[in-house]
Amino acid sequence: MNENQFVLPGDVIVTGDYRPEQNVILEGNRLMSTATGFSEIKDDLVTVTPLTGLYTPKTDDLVIGKIVSHNALSWEVDINSYYSGILTASDIFGKDYSPSRDDLSLKLKTGDIILARIANVNSRDPLITITGENLGKIDSGELIKISPTKIPRLTGSVIQTIEASTNATITVGQNGLIILKCDNSTGLKKSIASIKMIGMAQYDANLEEKIQRFLDENN
Amino acid sequence: MGGRETDVVLLDENGIRSDGRKVNETRKVTIKVGVLKNADGSAYIEFGGNKILAGVFGPRDVHPKHMSNPDTGILRVRYHMEPFSVSERKNPAPSRREIEISKVLKEALEPAVILEKFPRTAIDVYLEVLQADGGTRCAALDAASVALADAGIPMRDMVCSCAAGKAADTLILDVNNEEDQAGQADMPIGYMPNFGKITLLQLDGVLTTDEFKKCIELGIEGCKQVYEIQKNALREKYFSSGDNN
């Protein structure tokens with residue numbers, strides 16, 4: 001049996017003594033994919049990395065979100081998923097937060113973009129937090145949206161390649177949103193184009209080389 | 001049904017049907033994936049003369065809110081025929097037949113879709129019949145399943161579908177419009193190929209017990225043929241190397 005393969009929903013990846021992980025179900029002794037994607041077998045764990053679909057929140061993921069609204073106790077944040085992120089007021093004001101004294105709209109307004117971390121996904125809606133280094137409101141930069149399934153392709157080395165040749169700073173949200181900051185406009189344009197290239201590309205083993213070539217060509 | 005009088009010869013002495021097919025042959029099926037930009041997933045199917053568009057949205061918020069279920073997601077299917085899909089103009093308002101087909105298609109897809117993962121959300125499937133030529137519910141189900149896979153909605157298995165039936169006292173695969181009108185039985189089947197389970201089974205007409213069993217077997221053979229076409233359509237979009245956007 002091939003270890004890495006393209007699978008469709010219902011495809012049997014492997015049979016026998018394995019454990020199902022992400023996007024895999026166990027049916028008798030058959031491990032079947034539930035997604036269109038790329039299967040991987042590591043030791044006895046079988047996973048499928050999906051090639052399509054919305055972002056599924058996972059604890060500790062960094063996400064970029066947009067404030068949609070707020071009530072007395074929390075903000076509602078659009079995190080490009082099927083659930084909204086909830087940012088509690090006490091996350092910013094501390095434990096002694098009092099709805100009568102503190103005004104949420106002074107800190108974060110509707111439409112503000114924030115970099116946040118997913119704190120907990122076991123509750124009704126995923127809880128997010130902005131306590132932590134570099135987290136919080138984003139004041140400047142270019143916001144790009146690509147399919148969240150393409151984010152795993154933006155590995156550290158790909159980002160470094162782009163950053164090195166364009167002088168841009170790239171912040172990647174696992175939910176498919178990316179913030180680019182760059183002082184010169186050509187570098188910004190080039191980095192946007194290369195990110196979009198990754199967002200459009202189908203599965204391709206030589207993607208990193210292609211990006212490198214694209215960046216070199218336009219120098 | 002019940003063998004209406006027509007001049008059409010449903011089956012000639014060589015075992016060739018009115019549209020030139022053999023008894024165990026399906027019509028030509030082509031599927032294209034990802035044809036609608038604004039939908040989360042989409043598919044277009046041509047099943048003989050049937051032309052159907054499928055669009056999938058979700059998981060997304062449920063409106064009206066009271067329909068949402070805190071324990072699981074819900075699946076909503078709308079099957080609709082365009083006014084120009086048949087030779088005589090069809091009133092675009094949902095008819096009794098369309099409401100029924102929407103319901104049976106929803107129930108045919110539900111065993112495959114893993115809805116428990118998305119409590120309080122809805123997955124909407126819209127099926128638009130652009131041109132009808134008998135067997136639209138099967139073709140619509142095929143397209144819906146491909147569109148769901150395109151939308152990245154977790155599924156236990158694909159659902160493939162094909163009809164079998166009886167015309168001119170012979171069991172036939174993939175009943176077309178003429179055979180449906182003048183034939184003796186039409187049996188649409190929805191099938192999950194990797195589980196070997198039937199999710200849709202209807203029968204309009206009369207079959208003996210023996211014929212019924214054979215008809216199911218024949219229909220499942222057709223479903224498996226369609227399944228291969230569904231797989232190829234999805235592979236072409238996702239796994240063909242290089243950019244084809």
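Biologist: What is G55(B) in contact with, leaving aside its neighbours within four places in sequence?
Modeller: G55(B) is in contact with L36(B), A39(B), S42(B), Y126(B) and A147(B). Two residues are in contact here if their C-beta atoms, placed from the backbone, lie within 7 Å. Keep in mind that this is a predicted model: local features need pLDDT of at least 70, side-chain atom pairs count only at pLDDT 80 or more, and totals for chains, interfaces and linings use all residues. Residues are numbered from 1 along each chain as its sequence is written, while chains are lettered from A and ligands numbered from 1 in the order in which they are written.

Biologist: And where is the place of G55(B)?
Modeller: In strand β3 of chain B, residues 50-61. Helices (H or I, at least four residues) and strands (E, at least two) are DSSP runs, numbered from the N terminus.

Biologist: Does G55(B) count as buried or exposed, and why?
Modeller: Buried, because G55(B) has 24 C-beta neighbours inside 10 Å. The rule is that a residue is buried if 20 or more other C-beta atoms lie within 10 Å of its own, exposed if 12 or fewer, and partly exposed in between, with C-beta atoms placed from the backbone.

Biologist: How many residues apart along the chain are G55(B) and V125(B)?
Modeller: They are 70 residues apart along the chain, yet 5.8 Å separates their C-alpha atoms.

Biologist: What about A54(B), what does that touch?
Modeller: Not counting residues up to four places away in sequence, A54(B) touches S42(B), A43(B), V125(B), L127(B), A140(B), A143(B), A144(B) and A147(B). A54(B) is also one of the residues with the most contacts inside the largest nonpolar core, which has 85 residues. Such a core is a set of buried Ala, Val, Leu, Ile, Met, Phe, Trp, Tyr and Cys residues joined through C-beta atoms within 7 Å.

Biologist: Which helix gives the largest share of this core?
Modeller: Helix α2 of chain B, residues 136-150, with ten residues. Another core lies apart from it, with 32 residues, including V63(A), I64(A), V77(A) and I170(A).

Biologist: Where does R120(B) lie?
Modeller: In the loop between α1 (96-109) and β5 (121-131) of chain B. R120(B) is partly exposed, because 19 other C-beta atoms lie within 10 Å.

Biologist: Switching to chain A: how is it divided?
Modeller: Into domain 1 (5-50), domain 2 (62-138) and domain 3 (142-217); the bounds come from an automatic or database domain assignment. The C-alpha centres of domain 2 and domain 3 of chain A lie 27 Å apart. Their contact takes nine residues from domain 2 of chain A and nine residues from domain 3 of chain A. β8(A) gives the most to the domain 2 side, with three residues.

Biologist: How many helices and strands does chain A have?
Modeller: Five helices and 16 strands. Buried residues make up 34% of the 219 residues in chain A.

Biologist: What pLDDT does chain A average?
Modeller: 88, and 96% of the residues score at least 70. pLDDT is the predictor's confidence in each residue, from 0 to 100.

Biologist: Last topic: how many residues does each chain give to the contact between A and B?
Modeller: Chain A gives 22 residues and chain B gives 26 residues. The chain A side divides into 14 nonpolar, seven polar and one charged. Ala, Val, Leu, Ile, Met, Phe, Trp, Tyr, Cys and Pro count as nonpolar, Asp, Glu, Lys and Arg as charged, and the others, Gly among them, as polar.
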